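These are my notebook entries on one chain. I set down what I looked up, item by item.

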Amino acid sequence: MPSLSEIPHDVNEAQWRAITHQGSHLLIVAGPGTGKTHTLTHRIIRFAEQLKNSQRILAITFTNKAAREMSERLSGCLSVVNAGVMVDTFHSFCLKFLRQFIRHANLPVDFRVAIPEEIEVLAKELWPDKSVKERKDTVEQISRWKSTSFEQPLPENLRVYNELLRAKGLLDFDDLLLESLNLLTKISQVREQIRNTYRFIFVDEYQDMNPAQHALLKIFVDDGALLTAIGDPNQAIYSFRGADVRFFESFSADFPGAVIMELSENYRSATNLLKASGQVIAKNKRFFIPALNPKILTEGRLTIYEAPTDKAEAEYVVHQLEKLIGGTSMFSIDSGRVANYEEPNASFNDIVILYRLNSQRRVLEEALGRSGIPYRVSGDKPFYQIVLPLKDDPHEENNQKVSLMTLHAAKGLEFPVVFIIGCEENLIPLNLKGFSFDAEEERRLFYVGMTRAKEKLYLIRARRRYLYGQSYENLPSPFLSDIEEELKAYEEIQKKAPKKKFPQEKQMDLFG
């Protein structure tokens with residue numbers, strides 16, 4: 001391994017050790033803001049220089065956005081592109097794989113992937129007597145079986161569902177992985193061709209692996225290929241999609257001889273924000289990961305606010321947005337909500353408002369609409385749009401708008417200013433009737449939300465909230481008490497500001 005004196009200026013010592021490690025499988029534990037993609041990209045480039053003959057590198061991500069970002073970083077190295085680095089999501093790679101080896105697969109030759117609307121029609125055809133919710137639940141159970149229980153006996157519901165799907169020349173989203181797994185398991189020549197081609201495998205966000213993905217990976221790596229995985233078990237938040245964080249814990253057993261390294265220098269969040277999020281996740285005893293070391297020299301600001309109602313909560317957010325932006329209308333100045341001399345210190349694109357449930361969004365959108373604040377509802381695309389490539393709207397990315405999204409959708413993003421609304425018991429963590437409850441995962445989800453913030457973080461709650469046709473009286477989220485008081489800046493309930501008086505300009509005397 002090269003000496004530490006050779007470390008490039010754009011990587012730190014821990015990153016350099018991970019980039020240059022050779023001779024065994026490697027798991028890199030990388031917390032938020034520690035340069036995960038940067039480190040992985042540099043390691044891919046290093047291994048690309050070692051490829052021989054027809055060998056290629058396979059880099060697997062979990063979203064198209066992540067794959068696109070990594071491809072863009074790699075594209076600066078023309079030699080790497082020529083060497084054959086394939087960056088893809090699990091599902092997109094499997095789609096290409098099945099197309100390539102279709103003559104070996106027991107599938108319609110010209111199959112295509114069904115979109116959700118087609119699945120809904122198919123479910124109605126199969127189970128006309130069930131309600132819409134019952135059909136949706138059945139389809140979700142089938143999806144869960146395909147990603148997590150595929151080694152168990154085939155349920156009757158799934159058998160008839162698959163038969164109708166294939167009769168229409170369709171595969172569903174989960175079939176891409178499952179049919180690839182079947183093909184690799186049964187056809188040795190296909191399996192050997194894949195193993196001989198991809199000698200170095202890289203997997204991003206390893207904590208998000210589900211059993212089907214893990215089984216595929218084991219086949220890829222089982223014949224001497226080297227695996228590099230990177231991720232953070234404290235950001236494992238997708239169990240409802242079948243992800244199983246236990247694969248992170250069993251990495252050394254699954255891939256014998258593996259070395260585990262850690263990245264702990266955080267280049268994203270201000271010191272106080274990093275301390276606060278660290279205190280929250282430290283209560284999660286499942287994983288011992290060293291505290292992140294802040295490299296940002298600013299303190300940052302963590303604001304705690306309690307509103308009387310959910311409508312007042314939304315108005316408080318709007319008030320803070322107007323202060324951050326410097327006022328969005330003459331009404332803001334005339335009402336006294338924003339002083340006309342205040343300089344804006346944030347743009348709309350710098351700000352995100354996060355919530356646990358989409359049902360919290362309505363009141364927020366109404367308040368933003370009344371104030372003329374432009375916003376976009378981001379994330380929460382159907383899974384197939386995330387996990388297959390679709391064209392993005394280039395104009396949408398360039399428009400200045402505040403982002404609204406769920407805590408789940410915020411993973412992988414960062415913003416100078418983050419608002420998390422609904423910091424209340426039974427909402428964060430979510431423990432309402434009709435929802436499954438996992439205390440550890442809810443804590444990790446809140447941690448993900450907190451660590452999106454670079455400079456300012458607002459944790460806001462309403463004492464009374466109207467949700468799903470019912471009024472709730474709420475106590476603060478228990479997560480708030482995990483943060484030491486010295487890090488919190490409390491704001492009192494806002495009273496209506498008096499109308500601001502402006503000095504009258506003296507009218508020029510006509511005969512003056």
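Which residues in helix 15 meet helix 17, and which residues in helix 17 do they meet? I looked this up in a predicted model. On the helix 15 side I list Asp-310, Lys-311, Ala-314, Glu-315, Val-317, Val-318, Leu-321 and Glu-322. Their partners in helix 17 are Val-363, Leu-364, Ala-367, Leu-368, Arg-370 and Ser-371.

Entry: geometry of the helix pair. Two packed helices are described by the angle between their axes and the distance between the axes. For helix 15 (residues 310-325) and helix 17 (residues 361-371), I found that the axes come within 9 Å and cross at roughly 45°. Angles under 35 degrees count as roughly parallel and 65 to 115 as roughly perpendicular; helix 15 and helix 17 are therefore oblique to each other. I noted the crossing of helix 15 with helix 17 as right-handed.

Entry: the chain as a whole. I recorded 19 helices and 18 strands. The chain has 512 residues, and 52% of them count as buried. Its accessible surface comes to about 25200 Å², with 51% belonging to carbon and sulfur atoms.

Entry: backbone exceptions. Most residues other than glycine have a negative phi, and most peptide bonds are trans. I searched for departures from this.

- Ile-428 and Pro-429 are joined by a cis peptide bond, with omega about 5°. I located Pro-429 in the loop between strand 15 (415-420) and helix 19 (439-450).
- Glu-205 is not a glycine, yet its phi is positive, about 50°. I placed Glu-205 in the loop between strand 6 (198-203) and helix 11 (211-221). Its relative accessibility is 15%, under the 20% cut-off, so Glu-205 counts as buried.
- Tyr-468 also has a positive phi, near 55°, and is a residue other than glycine. I found Tyr-468 in the loop between strand 16 (453-467) and strand 17 (470-473).

Entry: Ala-236. Is this residue buried or exposed? At 4% relative accessibility, Ala-236 counts as buried. I located Ala-236 in the loop between strand 7 (226-231) and helix 12 (246-249). Leaving aside residues up to four places away in sequence, I listed Gln-207, Asp-208, Val-245, Glu-441 and Arg-444 as residues that Ala-236 touches. For Gln-207 I also noted the separation from Ala-236: 29 residues in sequence and 5.5 Å in space, C-alpha to C-alpha.

How values were computed: Residues numbered from 1 in each chain as written. Predicted model: local features only at pLDDT ≥ 70, side-chain atom pairs only at ≥ 80, totals over all residues. Heavy atoms only, no water. Axes fitted to C-alpha atoms, helices over the stretch in contact; angles between N-to-C directions. Helix = DSSP H or I, 4+ residues; strand = E, 2+ residues; numbered from the N terminus. Parallel < 35°, antiparallel > 145°, perpendicular 65-115°, else oblique. Left-handed = near helix turned anticlockwise from the far one by under 90°. Contact = heavy atoms within 4.5 Å. Buried < 20%, exposed > 50% of the residue type's maximum accessible area, 1.4 Å probe, protein only. Areas by Shrake-Rupley, 256 points an atom, 1.4 Å probe, with all protein chains shown as cover.
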